[in-house]
Structure formats: C-alpha cells, structure tokens
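Let's take a friendly walk through this structure, with a few contacts and surfaces to look at along the way.

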Amino acid sequence: MTTAVDSFADLGLSNTLLKTLAEIGYETPSPIQAQCIPVLLDGHDLIGMAQTGTGKTAAFALPLMEQIDVKVAKPQALILTPTRELAIQVAEALQSYAKNLPGFHVLPIYGGQSYTIQLKQLARGAHVIVGTPGRVMDHLERKTLNLDSLKTLVLDEADEMLRMGFIDDVEWILEHTPEQHQTALFSATMPEQIRRVAQKYLVDPREIKIKAATATVAAIRQVYWQVSGLHKLDALTRILEVEDEFDAAIIFVRTKTATVELADKLNARGYAAAALNGDLNQQMRERVIEQLKSGALDIVIATDVAARGIDVPRISHVVNYDIPYDTEAYVHRIGRTGRAGRNGHAILFVAPREIRMLRTIERATRQPIAPLTLPSRADVTNKRVADFKEKVAEVLGGEGLDFFANIVSQIAEEQNVGAEEVAAALALMAQEGKPLQIAGEDPVPRPAPRDDRHASPFSDREQRKPRFEGGDRPRFDDRPRREDRPSRPVPAGDMVRYRIDVGREHGVEVRDIVGAIANEAGIESRFIGRIGLYEESSTVELPAGMPGEAANALKRTRIRGVPINLRPDEGRPGGSFGGERKFDGERSFKKKKFADR
Ligand code: AMP
C-alpha cells in the first residue's frame, strides 16, 4: 500500500465514525483517504485527483459528516455528481457511514424523479444533499433548496460533469452558494476547464494526487473478467475450477467482513478456505499462513493489510475479487504469486464502472491485462471429466484391481448387464456429491465432446440470448449439431405430456429430470413444462413436435441409473402434480421456445 497511515484513528476522525468504520469492516484508510481526510478536517479546500474505486467517497464524506449538526434540519453539505446513479450511490455510502448518527438525513435529488416527492423530502429537512447539477440548479432557482447553512460543497467526478456538458450548471451553482464554505473538487483527470473552475472557486486548495506507481510484474499472467451477469462468487469458482496451474490462491477483498463471508461461502462449496484479516492476532495469522503453506488450506481471503509480506511459493493465483484502490496495491497484491521461479496468475474482477482503474493499472504496470472469457459450464464439466479420467488411469496403472474386477464381473452377471454399464454406475457413485456435470440452465456437452463446441452460446446466463430461426417458433435440437438438420417449427403453445419410469422411489428430484432432458434433448430448461413427480414414475410436459432423434435420445436416457423410457402419457395420473415447477413471466408457457444450440 502507498500510505504509511495504517489506521483511521490517526486521521482525526471522531469516535462515532471510527466505531462505524470498524463495524462496516473498513480496516485501514485507502491512500486517498489517508491524505484527504486530515486536510478536509482542517478546513482546507481541496483538489483530489482520484477516480472511482480509490475510496474517494469516504475521503470526502467522512470529514463533511463531522461538520454536520444533526439538530439543524438544513442542508449543510452539497455533493454534486454527474449521474443519478452516482448520486444514489454516494447517498447510500453516506447513509451507511451515518449508522451511529441518529437523525442524520441525506437526500439524493436528480432529474427524472418526481418534483413532488423531492419537494416533500426537501421540506422535511436533509443535512446532506447529493444531486446532479441540473436538478440542484432547478431547486435553487425555485428556492426549494436553501443553501444558507452550507458548510461543505463537493464536486465529485468533475471531469465527468464537464464531459457530460454540466460545467455551466456547476458554475452557476458555485455562483449561487454562500461565500463561506469549504469546497472539495474530485476529478480523475484535470482538463484545463476544471483547473480554471478550481482556480476561480477554490480558496488556496491543497492538491492531492495518488501517484501511479510503475512496476514490472513480468512473470505473472494477468487477466481480468468484467463482472456481468453471473455473480462474482459463481464466476470465481468456475474460474478456479478450470485454471490449469491452480495450486493455492489468495483472494483480495476490501473489507474484513467480506473476507469472512467469502471464506464461509467457499467452504460451503467445498474449498479449504480461510479469512485473513486485521482481526486475527499474530498467532492466528501465522497459523493461517502455515496452513496455506502446508496445503491444509488452498485459499486465503485477505484484505491488503493482512496479506502484507506473505511469501508462500505455492500461491499460484491471486484473485482481485474487489479491485484495489491504486496501482501500487495491485502490484503488491499480485506479487504474492509467481514466487520462487514459479508461474503466477493474477485475475482481476472489474465492474463496468471500474474500467478506468483497469486502464490505469495497465498504464502503470506497462502491461496489458487480457480479458478473460468466463469458462462455460461445459468447460467445467470437461475439466472435471478430464481430472476424473486421470484419476481412473492412475488407479488402472496400480495394483490390487483383481478383487474388484471379480466383483464387477459378478454384478454384470447378476444384473445381466455389460461391464460398461457397471462401470458407469460406479462412476456415478464415485462423484461423491460433486457431479461431473454441473446442473443448471445451460446445456452441458457429453463428457467427450465429438466436436469443438466447448463454448456453447448458451453456456452462460449473461451470454444467453434468443437464437431462433423463423421467429419465436420453438425447435428441438440434436447433439452434436448437424448443419443439415431440418428445422421443425411447431406452433407455440402446444405441449405434450410424457411419462417416464423414474419417480421419488428412485431418489429422483425435479431438477434431475430437467437437467437430463435439457442435456439429452437439447431443450433449454425454461421450455420444459410442468413436471409431475410420483412414486414410481413421473410426467413431464414438453413442447410438441419433438424430432425423432431427440425422442430417441430421451428413450435411452437414464436418470440416477434408471432408464426413463420416455413415452407419451396416455393415462391420467392419480393424485395431483407432486413436484410442480412454478413458472413466471419469461418462463411461462406463453413464450415457449426451444434452444437452438
Ligand atoms: P469509491 O472509490 O469511493 O467508489 O469506493 C469504492 C469501494 O471501496 C466502495 O465499495 C467502498 O465501500 C469501499 N471502500 C472505501 N474505503 C474503504 C476502506 N478504507 N476499506 C474498505 N473498503 C473501502
């Protein structure tokens, strides 16, 4: 980290705010916070060159909150932001910092929101207004916003306000605020016009810039995933599962709370993971690091401070689950891997609004960070199958198989099946709670794909988009794809009920049926209709017009080892639908479609 300040307590903040920061899990100030907070607390005007992700919100919010007199129900601070999203986000941040300040009230006001609501809220009296320039100007003109008690004015992302054409409004607002107040201007860049505004309206400002470190991190492969669609946790586990050289990882998050939460979630998913944060005493910290070294732990989730100085050669991966505040922290973090002459991998999660930080890191490290394509479910399955085959091959190469070979022969004979089927049953048993195929909505190719379509277009929720030929008409698809396959449109809305020979007594659940049908017949799960789960058999509704190949595939399909023998359901089942699937909106049958994979 860039800063020598390790503690918020050194910055001059009140005990109330210090308590809040500890409660929300901020362990140590980010560099921009360490530098800005004392300056602002001293009452100086300030120019802060920092971008989103550096912790700049708290850098200006905490000092301005120290000045608020909650008993005075008037706006005492005004924060201008370029967008309504940022206004809401900043207001939420302030609200979270105010959790121990009863009566504190922050109000976001922005264009597009009804004036009536805003007027009511303004009349109720807010201590801090966070708003977009246009709407703030409107309220000032209408005299529905009174800034007579203003103590602090913050221009957040000033260069963005300039870029979006708000600079005249900003200047108008600056002209119409009382003389006596503190002004802080934050901007990622300092174009001439912003500098001019700063010169005109700020009084003897202190300038704070988070210097970008340059460093080379040559031996480390650096990639980033732009967060979208999938939850970060799901993306993380998918990535870790298919990474080739994975041995151990250190995952960086921002807060102590997040270290614990993520460690719990990873443990629940079967990873040997532990949190490493400033709450651990030296002895506990050393124990975690020792366990990581010895292989008792594979993943440590850490904050920047807690991970300082860790030197564990088996760390093959560093994951920046939360983007670091600055390039120096980034370089520091990824330096935990690629040690002792080994290869290192650094994976960075970047939210869309953090793209700028990514570019800054690339500039500072003078190395491109390549985008990472999220592994599809099929990729994960392929990896699991490959690992499984490897394990089997190892056992085959070893000794002591005779006894078991004998048992397999006996089973085959007694059950009147081939050895291959016995092996399949054993393989199924060997999955031990971690199935080779991951269930879910997108189709997973068979273990040994006969073509190279690893990256199914439907493999990820975020990538899925309708791909229908001939409009919205549903179709079945076979597998592997055959380009000459005639498309068989059927009228939307028709469902046919089928019966299958598996039910509750086979330990089958609705999701097993959905998964098997989705995989074997190439029908996207949302187009699978109601499923009736009974003791010995079940029924399932599928769109009409199923082509022969899909029907044949389903006839041969087994669920939990039992052939399902799919056939049209003639008789009426007794009782009501046992395991009915509920559908809503998109999933309703009004929009039935088949996946065209
Ligand atoms: P910002 O750059 O202000 O948008 O902040 C980015 C993120 O960092 C937000 O989610 C903040 O909650 C978080 N954050 C800011 N300061 C700290 C800190 N000192 N410790 C941990 N997280 C922080």
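## A salt bridge at arginine 567

With a relative accessibility of 29%, arginine 567 counts as partly exposed. This is a predicted model. The side chain of arginine 567 meets that of aspartate 501 in a salt bridge, 3.0 Å from N to O. Arginine 567 sits in strand S20 (residues 567-568) and aspartate 501 in the loop between strand S15 (495-500) and helix H19 (510-521), so the pair ties together parts that are 66 residues apart in sequence. Aspartate 501 is partly exposed too, at 27% relative accessible area.

The whole structure holds 27 salt bridges. One of them joins lysine 56 to glutamate 157, with the closest N and O atoms 3.4 Å apart. Lysine 56 belongs to helix H3 (residues 56-66), and its partner lies 101 residues away in the loop between strand S5 (152-155) and helix H7 (158-163). Both lysine 56 and glutamate 157 are buried.

Arginine 356 pairs with glutamate 160, the closest N and O atoms being 3.2 Å apart. Because arginine 356 is in helix H15 (residues 355-365) and glutamate 160 in helix H7, this pair ties together parts 196 residues apart in sequence. Arginine 356 is partly exposed at 38%, whereas glutamate 160 is buried at 15%.

Helices H10 (residues 232-242) and H11 (residues 256-268) pack at about 55°, their axes 12 Å apart. That makes H10 oblique to H11, and the crossing is right-handed.

Phenylalanine 404 lies in helix H17 (residues 402-415) and is partly exposed at 49% relative accessibility.

How values were computed. Residues numbered from 1 in each chain as written. Predicted model: local features only at pLDDT ≥ 70, side-chain atom pairs only at ≥ 80, totals over all residues. Heavy atoms only, no water. Helix = DSSP H or I, 4+ residues; strand = E, 2+ residues; numbered from the N terminus. Buried < 20%, exposed > 50% of the residue type's maximum accessible area, 1.4 Å probe, protein only. Axes fitted to C-alpha atoms, helices over the stretch in contact; angles between N-to-C directions. Parallel < 35°, antiparallel > 145°, perpendicular 65-115°, else oblique. Left-handed = near helix turned anticlockwise from the far one by under 90°. Salt bridge = Lys/Arg side-chain N within 4 Å of Asp/Glu carboxyl O.
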